[in-house]
Amino acid sequence: MSLSATCESVSRKRTLSSLLAGRVIKRPKQEDRQRLQEAAIQLLEQNQNICSLFRELGKPNQCNILSSQNEEAKRDESGSISSVVAGSLLGSELRCQAKLLGVPVTVLSVKSVLERLMEITEEKKEEEDEDREMLTISQRVQVGFLLESSRELLSQGILCPKLLWQEFRRDQKLPKLEVVYYLHRYNILTLKYMVESDEGVRSWLVPRLKALCGWTPPLGEEETKQVQRRVLTTVVGVLVATAFEQNRAVAAADRKISVLCCSVLDDVLFWLLDTVDECGAKQSCGAGAQRWIQTFDASLCGVSVSPEALQRFFTHSLTQTLTHNPQLTVSDAVALQSEWTFAKASHSLTSLFRKLAVIFSVEQLLSHLQQVLETHEVNWKHVLCFLSTLLVYYQSSQSSVKELLSRLLNSAFEGYDLESMITAFLLARQGALEGSAIFPSYSDWFKMSFGGSSSYQSNSKKSLVFLLKFLSDLVPFEPPQYLKIHILHPPYVPAKHRSLLMEYVSLAKTRLADLKESVEEMGLYEDVSGGSAELTTTLPQSQSAQDVEKAVSLFESTGRISATVMEASIFRRPYFLTRFLPALLKARVLPVKPDARMSFIEALKKADKIPSAQYSSYVESCQSQRQQNKRAERPSTNDDPLDILKIQLQEVTEVVVGGNDGEISAQLSRISHTLSVIFPGCPDEPTGRTLVTLDTNALVLNELHEKVVNGILQNFCQCLLIASRSNPPDKQSFWASRFIGVLLGNTQLLSKLLHRLWDLFHNQGSSLSAAHVLGLAVFMVHLHAATSHSPLVQLEPPVYPQPVSPAEALSSAVLCNTRSNMLFSARLCVAAVCYGIHKGGSLPLQQQQQYVPSSLFKKLLYLVPRLLPESRRTSADPEEEGPCRLWSSVTDENHTWRKTALHLWRHAAFQQLKQIPQYQLCFSEW
């Protein structure tokens, strides 16, 4: 056949159009794509290995024939298809292999999953830490893909969770918590099921929780830190929910599981408390303890735990903390209590108490504390630290603690219950140890409770005997400062039972003599410290100086030697000769005009109370001192407390920014403790109002004290500026009053502060910046507001006929005798009065006066008309009612003090104060 004939034959059979039509008919349909995919899977199944399949799951970035061609556009869809297909592929292969091997498919799937899981988690790089508790980022990704596919197997009924956990625990005696967490997260095995089905859960869960808490992720692994927090939070949430969710119809088995979960939580809490005890107060307890403390978080509520269960958990944990390791006896608590104040307690312990207290009111916490004290053997250190934490962080707790003490004393005397009695005394002393700004002094509490004719013990002889027997039993363990309080301020005793009291006094004096704290060493006007024994070791010298100041003050006001001094010269002659007279006859540069101290010495000499040799030695020493023309001061060689104080002052600035009253109070308590180290020997619990001498002729401080005082004043100014940026005075926290309260609690520090402030006001006022003037003005306002509980100040040479408050004494340093002094006085007084009016603006007029020092107000009445003549023609402006505008004019850098002064002069509150007699300038003052 020819070629042409052939072509003709072909053309007759198939035309081009018919060929094209045939191609359209043969185009693959959607069903063909599915059949093609199934065929591809079947081909892979015939040549696939299970181990290789599982390994492929951990490498999602490799090219895969199952991936979508348009991956960027269909990322979510392809991911779900890949997971489903991978599960289908694994399921098919597992079924085939199980059939070939003759084993159940669930057994083979569990074995395969666990082998791959072990392969991933046991991978170690050479540079990695062998003690690593968390997975690496690479391991975490691979485990995620493995468990996603395992979840698909579970949905197909191929994977048995119970068998998986049994085999997993058989291979892993201490399974990693992160792996357990992922099994829970991917809904393969819940944590609750693991706890319920594993009888040995306590043996591995507790060590793993401790290990995970104690492990710190390497630097830079932020993701690992976040996962670590989530693991701990999830595990704790499940344990708390299982242990503390209440169900009336709960079965006995469920109650057993609840007890088990509770014991796991208790074990880790006890580990934390033991760690805190081993570390002590000054050492860091490490990240492990802090990490577990952070799990006591109210945010668990609403996630996995109900509010009621969370309250039960926190209540239980608080009880366990207060009763953990109760080895200390009551006598130990009486002797060691001063070492358990908030400032000396472990930060970890106080942080734990704060976490446990956050969801309760103070009344609930104290009620629970009383219940624990009545029904359990307690760890007194933890109990007293808990009380200190409440008092420091919760400003309203003082009144609640007083009510608790009253209930305890009522219970004690109604049933003659010694436990209630000792509890009341320990709690009252603990509060007093935190300082007068936190809680009343122990001497005040003791006098209030037992010093009057209507006191608890005054009802009957039996009550009196009960009290005195209790006090007598305490004598062998009592620190000397409490024995002195009981002697100086004895409980009320009817005259007919006076002999009972004298028996106790004799016993207490004998004990003081054994402690080398004999009655002869007690001061005439005793200031008894409620602090630690370290402070009382330097008490005699400081006490004798206080006695001298008090005696001189009384002589100045009455013109006679007080009966107390005359009696001491006869009946307490050893103290009078060896303590009182040396403190009185201390060498100094004598003023040209005799002052009260010199007159008092001359009066004692005329009364033959000063030995001639001692007086002659005093005169010679004073002459020598005049020749040297300087005061000798002992330099400090220990700068460590100063470094600590600088850090603490910086930290208080940071917490003022945060505005948390509890944090501010806690930090100021630590500062108070540091200041007591730098200025030791100053009693913080006076029985009468303390007197401070301000010698205006001796303003020079030694180097250490000057650094401390300057640092305190500078920090106060910084805190004020920071606090004022966000809130006006009446909206700020109580930081300023609390700050001043800490300073007033240390007499020696207060004396140095007053000397420094006098020097600044009297000699350096014109050189102070606006920020310093504002800060010092506010400092003066809060000194004035604290007048009722501040020491009195005796100026030397005398300016006032009697001792005055610190703010009143310092106001006399603000002079108006030259133009520069008048300008400084005006700046200071304007800032102080503006702040005071704004601070007390929302208060009644009587309380508002607490924040406006009358002495500074009167200086303005004198200065403003002279420096600003236009003010004489200015009357009150109703538009100036708002205190916010007044305060903004003080802090605004664009306002001069002159504009602020005119603004203040027109202010209605200022005009209202002018109508009050105590704020009016009398002729003699003018």
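In this predicted model, Phe425 is in contact, once its neighbours within four places in sequence are left aside, with three further phenylalanines, Phe446, Phe450 and Phe470, together with Tyr442, Trp445, Leu467 and Leu471. Phe425 also belongs to the largest nonpolar core, a set of 142 residues in which Phe425, Leu209 and Met421 are those with the most contacts. The greatest contribution to this core comes from helix H13, spanning residues 252–279, which gives 12 residues. Domain 1 (50–55 + 81–123 + 133–189) and domain 2 (321–361 + 372–515) are each represented in the core by at least three residues. Apart from this core lies another, of 92 residues, which includes Leu649, Phe679, Leu810 and Leu860. In soluble globular proteins, nonpolar side chains tend to be buried together.

Empty space inside the model was examined next. Rolling a probe the size of a water molecule over the atoms shows where such space is left. Two or more lining residues are given by each of helix H27 (539–558), helix H30 (596–606), strand S1 (691–695) and strand S2 (792–796), with H27 providing the largest share, 5 residues. In the lining of the largest cavity, 6 residues are nonpolar, 3 are polar and 5 are charged. Because domain 3 (543–626) and domain 4 (669–872 + 883–919) both give residues to this lining, the largest cavity lies between them.

At least two residues of the lining of the second largest cavity are supplied by each of four helices, namely H9 (177–185), H10 (191–197), H11 (201–214) and H12 (222–244).

Methods:
Residues are numbered from 1 along each chain as its sequence is written. This is a predicted model: local features need pLDDT of at least 70, side-chain atom pairs count only at pLDDT 80 or more; totals for chains, interfaces and linings use all residues. Side-chain values use heavy atoms; hydrogens and water are left out. Ala, Val, Leu, Ile, Met, Phe, Trp, Tyr, Cys and Pro count as nonpolar, Asp, Glu, Lys and Arg as charged, and the others, Gly among them, as polar. Domain bounds come from an automatic or database domain assignment. A nonpolar core is a set of buried Ala, Val, Leu, Ile, Met, Phe, Trp, Tyr and Cys residues joined through side-chain atoms within 4.5 Å. Buried means under 20% relative accessible area, exposed over 50%, partly exposed in between (1.4 Å probe, protein chains only). Contact means heavy atoms within 4.5 Å.
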